Amino acid sequence: MDIELQPINRNGNDEAAYLSNDRVTAGNGDGVPYRVPDATERDGLLSVQTTGCNGDTVPSGHAAEAQRNQGNTYTPREISAVCRVKRELHEVIFWKVRLWMVIIFIFLLIIAVILISLAVCSVIHEDVDENFDRSLFKVPQYFNGSFQLPNLVFTEELSTLSSNESQALAAELQEKLTDLYRLSPALGRYFSQAEIYAFRNGSVIADYQLTFLMPEEQQDQLRNITVSREMVYNVLRQFLYDQEQDESGPIYIDPVSLNMFLRH
């Protein structure tokens, strides 16, 4: 069996010995040459690895790029940043208290301070407009008028205000008017009473009187602006247009029939 010896080549930089790329395989006397692929500088980088958060190795270079192509979207630099943040959050500030506990506590404390401040402000705050002495409201302002009840048929009992039917209907209408003006932001404090004093034929026509009380020192201004005929009339008319005829039943008031005037 013949064996062919090959010359040894040396690298001038590191004096390492390398065999020629052509190799001879011993067989039954016949040698078949084959070539080993040339190694490059990039091949060495494929095996370089870094350590992850939990001690796991993280490939770098082209290995990391291959992993990203397979579904891992994090680079070693990003993994390193996440690990650093995790370590900082788990650092012990004192005793067994860690940094993430302190952050959560501060966040909850801020929320608690805001909620307590809102609660205290709502209790302490006083609306100046709500502070008034009703005993000073002595100057009366009267409004008279009429409206029609189209869902009712006039009867003899309604012609007499002392009858049970007349008194019951008057009480419902007075309550309706009273609730309206009591809840009015502008007129609520000045409203005194609503009175139905007569029913007349024509479907059913109800005659009413509204009484408002004003303080003496502001009566001129209130009479011309707040407790004026236009204001009182518009509040009632808007309410009548907003009502539903089916829901109001027999005490439905026709808004078109509303009349009002200031009684001196």
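Tutor: A helix here is a DSSP run of H or I with at least four residues, a strand is a run of E with at least two, and both are numbered from the N terminus. Ser203 has its place in the loop between β10 and β11. The model is predicted, so local features need pLDDT of at least 70 and side-chain atom pairs count only at pLDDT 80 or more, while totals for chains, interfaces and linings use all residues. Residues are numbered from 1 along each chain as its sequence is written, and side-chain values use heavy atoms, with hydrogens and water left out.

Student: Why is Ser203 called partly exposed?

Tutor: Buried means under 20% relative accessible area, exposed means over 50%, and partly exposed is in between, with a 1.4 Å probe and protein chains only. Ser203 has a relative accessible area of 31%, so it is partly exposed.

Student: Where do Phe147 and Tyr208 sit in the chain?

Tutor: Phe147 is in strand β9 (residues 137-148) and Tyr208 in strand β11 (residues 204-215). They are 61 residues apart, and the pair links distant parts of the chain. Both Phe147 and Tyr208 are buried.

Student: What kind of pair do Phe191 and Phe212 make, and why?

Tutor: The centres of the Phe191 and Phe212 rings are 5.4 Å apart and the planes are at 75°, so the pair is edge-to-face. Phe191 lies in strand β10 (residues 191-201) and Phe212 in strand β11, 21 residues apart.

Student: What makes Asp207 and Arg200 a salt bridge?

Tutor: A salt bridge is a side-chain nitrogen of Lys or Arg within 4 Å of a carboxyl oxygen of Asp or Glu. The closest N and O atoms of Asp207 and Arg200 are 2.9 Å apart. Asp207 is buried because its relative accessible area is 10%, whereas Arg200, at 36%, is partly exposed.

Student: How many salt bridges are found in the whole structure?

Tutor: The search finds two. Asp220 forms a salt bridge with Arg223, with the closest N and O atoms 3.7 Å apart. Asp220 and Arg223 are three residues apart in helix α7, so about one helical turn separates them. Asp220 is exposed, with a relative accessible area of 53%, and Arg223 is partly exposed, with 26%.

Student: What makes a patch of Asp242, Glu244, Asp246 and Glu247?

Tutor: Patches are made of residues with over 30% relative accessible area and no salt bridge; like charges are joined within 9 Å, and nonpolar side chains (Val, Leu, Ile, Met, Phe, Trp, Tyr) within 5 Å. The areas come from the Shrake-Rupley method with a 1.4 Å probe, and for residues only the protein chains shown count as cover. Lys and Arg count as positive, Asp and Glu as negative, and His and the chain ends are not counted. The place of a charge is NZ of Lys, CZ of Arg, CG of Asp or CD of Glu. Asp242, Glu244, Asp246 and Glu247 gather in a patch of negative charge on the surface. Glu247, in helix α9 (residues 245-248), is exposed, with a relative accessible area of 70%.

Student: Where is Leu262, and how far is it from Tyr142?

Tutor: Leu262 is in strand β12 (residues 254-263). Leu262 and Tyr142 are 120 residues apart in sequence and 6.2 Å apart in space, C-alpha to C-alpha. At 25% relative accessibility, Leu262 counts as partly exposed.

Key
Rings of Phe, Tyr and Trp (its six-membered ring) pair if their centres lie within 6.5 Å; planes under 30 degrees apart count as stacked, over 60 as edge-to-face and the rest as tilted.
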